[in-house]
Amino acid sequence: SVLTSFYNAEDESNLLLPKLPALPKNYSTTAKIFSEEKSDEIMKLLGDVRLNALVLGGSSGFIEIYAYGMFKIATVTEVAGSCRGLCLSSDLKSLSVITEIQDSSDSEAEITYFQASKLDTSLLSSYLPEVTRMARKFTHISTLLQYIKLSLTCMCEAWEEILMQMDSRLTKFVQEKNTTTSVQDEFMQLLLWGKASLELQALLMNQLTVKGLKKLGQSIESSYSSIQKLVISHLQSGSEALLYHLSELKGMALWKQKYESLGLDASGIEEAITAVGSFILKANELLQVIDSSMKNFKAFFRWLYVAMLRMSEDHVLPELNKMTQKDITFVADFLTEHFNEAPELYNRKGKYFNVERVGQYLKDEDDDLVSPPNTEGNQWFNFLKNSTHLKESPLLFPYHPEKSLHFVKRQMEGVIDQCLQKPADVIGKSVHQAVCMSLYKTSQSEDSTPQLFKLPFL
């Protein structure tokens, strides 16, 4: 009851942060954890103000304590033998453990005896409000990391193989054609003279078809807009909430008299904030790439649709026939940029072209981006390059132009995990053995069924 006002004042994130949008149901099953029906369950878990702890012990010589069953707040090492029974007292002042130690020095006569030890966990009890507040922050952070991960999974599913069709069909065309002219030249000739070579005509009319082109155009557009919505509503809101909780955690770490002895480290949290900032920058970059790709593909498909209607000698509606000089330049630029054969791609999964830009951000690979964004002539980049003071500024989030969104996300997860595991080590090391006594020995010939122990609350 003394702590009630403390807890109520603690979590203002509900007031300050917008509610995270539920993940779409039509994607992977894992995303259902954050679907509308289930998201309340997670919020209920985070809404429990009293600290509850899950204590785990096994045969590997250590015990772990998880706050709210989700985030590790203590790792107790050097536990002799394998745990057979555990009990954390309700005031968190002591942890009682029953262990089984096997002495296998003489392999024939293996003797096992049990030992009851009482571990002193007074750091947990004396810093209960701080541990609770810290654990709630950790739980929020790990939930948000999971949310971001699932948002990215949904984006990958929205992208799907449909956008690879364009690549694979053109690659097939390159491998089968006999002419020496490049695909780019073939399309350029069609753009300028309105005439296509027989091979390009066969590719367009037989393999792609007018109906197929229309369908491909629609599916690319719907895939792109789905990804765009997921970035804006899910990825960005999740990242901003993560930034908020990490900033609060940094504030806690700077309150040294309360949190330093629990192992919260401000510099580590600062690195985590920087990593989240880099991730947000990368998500913004992806939005720009989607935006320009959508415009490019629309113009390209519109032009190609008219060209194919003419080839099949169908009637072309007058509104489709209008093509300004600006449109022609736009399509020409698209052809130059995307249909340029890239020899360095020949060995990479049979790719010849660089038609589709969005997929490279969603690939879970360590390879650099095939076509990183062009930052030439960008005033901000030039300003940074020429500024000696801003180059190393801690206020600027580092930008990784060569890397994919997946790569930056993995980097962010690694940094956050590292900064959040230090308290578990510090609290674990503070736990020391207060009492240790042998209970009894048991021979191996006895009934091999595992025996259950009931520990009294001492």
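This is a predicted model: local features need pLDDT of at least 70, side-chain atom pairs count only at pLDDT 80 or more; totals for chains, interfaces and linings use all residues.
Five helices each supply at least two residues of the lining, namely α11 (266–311), α13 (325–338), α14 (359–362), α15 (379–386) and α16 (388–391). Among the contributors, α11 gives the most, with eight residues.

Helix α11 also takes part in a helix-helix contact, and here its partner is α8 (residues 198–208). The two axes come within 11 Å and cross at roughly 95°, which makes α8 roughly perpendicular to α11. On the α8 side, the contact is made by Gln-201, Leu-204, Met-205 and Leu-208, while α11 brings in Leu-304, Met-308 and Met-311. By class, six of these residues are nonpolar, one is polar and none is charged.

The axes of α5 (residues 128–159) and α17 (residues 405–430) come within 12 Å, with a crossing angle of roughly 160°. Since angles over 145 degrees count as roughly antiparallel, α5 and α17 are therefore roughly antiparallel to each other. Their crossing is left-handed. From α5, the contact involves Met-134, Phe-138, Ile-141, Leu-145, Ile-148, Lys-149, Leu-152, Met-155 and Cys-156; from α17, it involves Leu-405, His-406, Lys-409, Met-412, Glu-413, Ile-416, Leu-420, Pro-423 and Ile-427. The contact of α5 with α17 has 14 nonpolar residues, together with one polar and three charged ones.

A further partner of α17 is α9 (residues 210–254), and these two helices pack at an angle of about 25° with their axes 13 Å apart. With angles under 35 degrees counted as roughly parallel, α9 and α17 are therefore roughly parallel to each other. The crossing of this pair is left-handed. Leucines make up the α9 side of the contact, at positions Leu-235, Leu-242, Leu-246 and Leu-249, and they meet Leu-405, Met-412, Ile-416 and Leu-420 of α17. In this contact of α9 with α17, eight residues are nonpolar, with no polar and no charged ones.

Methods
Residues are numbered from 1 along each chain as its sequence is written. Side-chain values use heavy atoms; hydrogens and water are left out. Axes are lines fitted to C-alpha atoms, for helices over the stretch in contact, and angles run from 0 to 180 degrees between N-to-C directions. Helices (H or I, at least four residues) and strands (E, at least two) are DSSP runs, numbered from the N terminus. Angles under 35 degrees count as roughly parallel, over 145 as roughly antiparallel, 65 to 115 as roughly perpendicular and the rest as oblique. A crossing is left-handed if the near helix is turned anticlockwise from the far one by less than a right angle, and right-handed if clockwise. Contact means heavy atoms within 4.5 Å. Ala, Val, Leu, Ile, Met, Phe, Trp, Tyr, Cys and Pro count as nonpolar, Asp, Glu, Lys and Arg as charged, and the others, Gly among them, as polar.
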